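This report goes through a few local features of one protein model.

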Amino acid sequence: MACLLATLGGNPLNTPVGQKIEQATDAALPSENWALNMEICDLINDTDEGPKDAVKAIKKRLQQNTGKNYTVVLYTLTVLETCVKNCSKRFHLLVSQKDFILELVKLIGPKNDPPTAVQEKVLSLIQSWADAFQNNPDMQGVVQVYHDLKQKGIEFPMTDLDTMAPIHTPQRSVPTPATSSAVRPSSDQVAHPTPVFQPLRSNPMPDVLPPQALPLTLNQEQLAKLRSELDIVQGNMKVFGDMLTELSPGKEHPQDLELLQELQKTCYAMQSRIVDLIDRIGVEEITSDLLRINDELNNLFLRYDRYDKKRTAMTSNVEHKLP
């Protein structure tokens, strides 16, 4: 009944995805609940009403707490950011519309006196979405608002857009061979499409720093080497994330599955190295990057766990159906 009332114009937080969003943005949470955030993404991707219900619930949550509880606002913005990064075009079309973006702009209006963290979060989201969707004619609302704000003199956070996690679903890097309608594809072609990903470096980060007591003082050569290694980490993370978005559980080409599993192991090894570096490096800028990368790795591992569970379930179902 609650879901029916929500559909007919009731409280959007009573829908299945709305209830999860309310739980994930509870002010009592000690930190972001990434498992719940990813569950929200699944509901959005797997249900017809998911995208629309989620956007309504997010707007409701922001409207309820703007000027009152900015912990909830920040949690809600994190949920929104996570959904944009992990959901399909159906969701992107809704959040990139001008009216929705203007709702976000209202959050940081002078009358609400928002903290700096909220201002920077909102502006960073608008900036990254404008960059990601700039070539999509159906998503120009966010691009227009971004340019309007810049013309008004609004300063956006310094962001390296090239190193950010991808937003839109990547296209296949190797197209699946076309099949004539007169020729039925073989079972191998159906079950195992052409592998679409190529690995980056698969070995963990080397120890670029000497074993010294804290804090470490890095020379320019060590800093350059460390930045180079972090670029490699983020390159592997990008491929890992792209694969989790692009591949279908249980329908992967064997080579793609092997690479996915190898990347998961590699990223785990890299994370162990990163956690060690966080405790050893005294350069604030580097430490900030390490903390961000560590958070993004945790997000990827949650996605992989959900992917692996779906794949195991699908494989089990296929085996049960075999004579």
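The structure, which is a predicted model, holds 0 disulfides. Cys 41 takes part in no disulfide, and the nearest cysteine sulfur, that of Cys 83, is 4.0 Å away. A disulfide needs two cysteine sulfur atoms within 2.5 Å. Cys 41 is buried, with a relative accessible area of 1%. Cys 87 is buried as well, at 3% relative accessibility.

The next topic is the second largest pocket. The space in this pocket comes to about 460 Å³. Its lining is made up of 18 residues, and those that lie nearest the centre are Asp 42, Asn 45, Asn 86, Leu 244 and Thr 245. By residue type, the lining of the second largest pocket divides into 7 nonpolar, 5 polar and 6 charged residues. Two domains take part, since domain 1 (12–161) and domain 2 (220–318) each supply at least three residues to the lining.

Two loop residues remain. Where does His 253 lie? His 253 is in the loop between helix 11 and helix 12 (254–280). The side chain of His 253 reaches the backbone nitrogen of Gln 255 at 3.0 Å. Because its relative accessibility is 14%, under the 20% limit, His 253 counts as buried.

Asp 113 lies in another part of the chain, in the loop between helix 7 (98–107) and helix 8 (116–132). Most residues other than glycine have a negative phi. Asp 113 is not a glycine, yet has a positive phi of about 45°. Is Asp 113 buried or exposed? Asp 113 counts as exposed because its relative accessibility is 62%, and the limit for that class is over 50%.

The table lists the accessibility of the residues discussed above.

| Residue | Relative accessibility | Class |
|---|---|---|
| Cys 41 | 1% | buried |
| Cys 87 | 3% | buried |
| His 253 | 14% | buried |
| Asp 113 | 62% | exposed |

Conventions. Residues numbered from 1 in each chain as written. Predicted model: local features only at pLDDT ≥ 70, side-chain atom pairs only at ≥ 80, totals over all residues. Heavy atoms only, no water. 1 Å grid on protein atoms, 1.4 Å probe; cavity = no way out; pocket = protein on both sides within 12 Å on 5 of 7 lines; lining within 4 Å. Points joined across faces, edges and corners; volume = space filled by probe spheres on them. Nonpolar A, V, L, I, M, F, W, Y, C, P; charged D, E, K, R; others polar. Domains from an automatic or database assignment. Helix = DSSP H or I, 4+ residues; strand = E, 2+ residues; numbered from the N terminus. Buried < 20%, exposed > 50% of the residue type's maximum accessible area, 1.4 Å probe, protein only. Polar contact = N/O pair within 3.5 Å; in protein donor to acceptor, adjacent residues only side chain to side chain.
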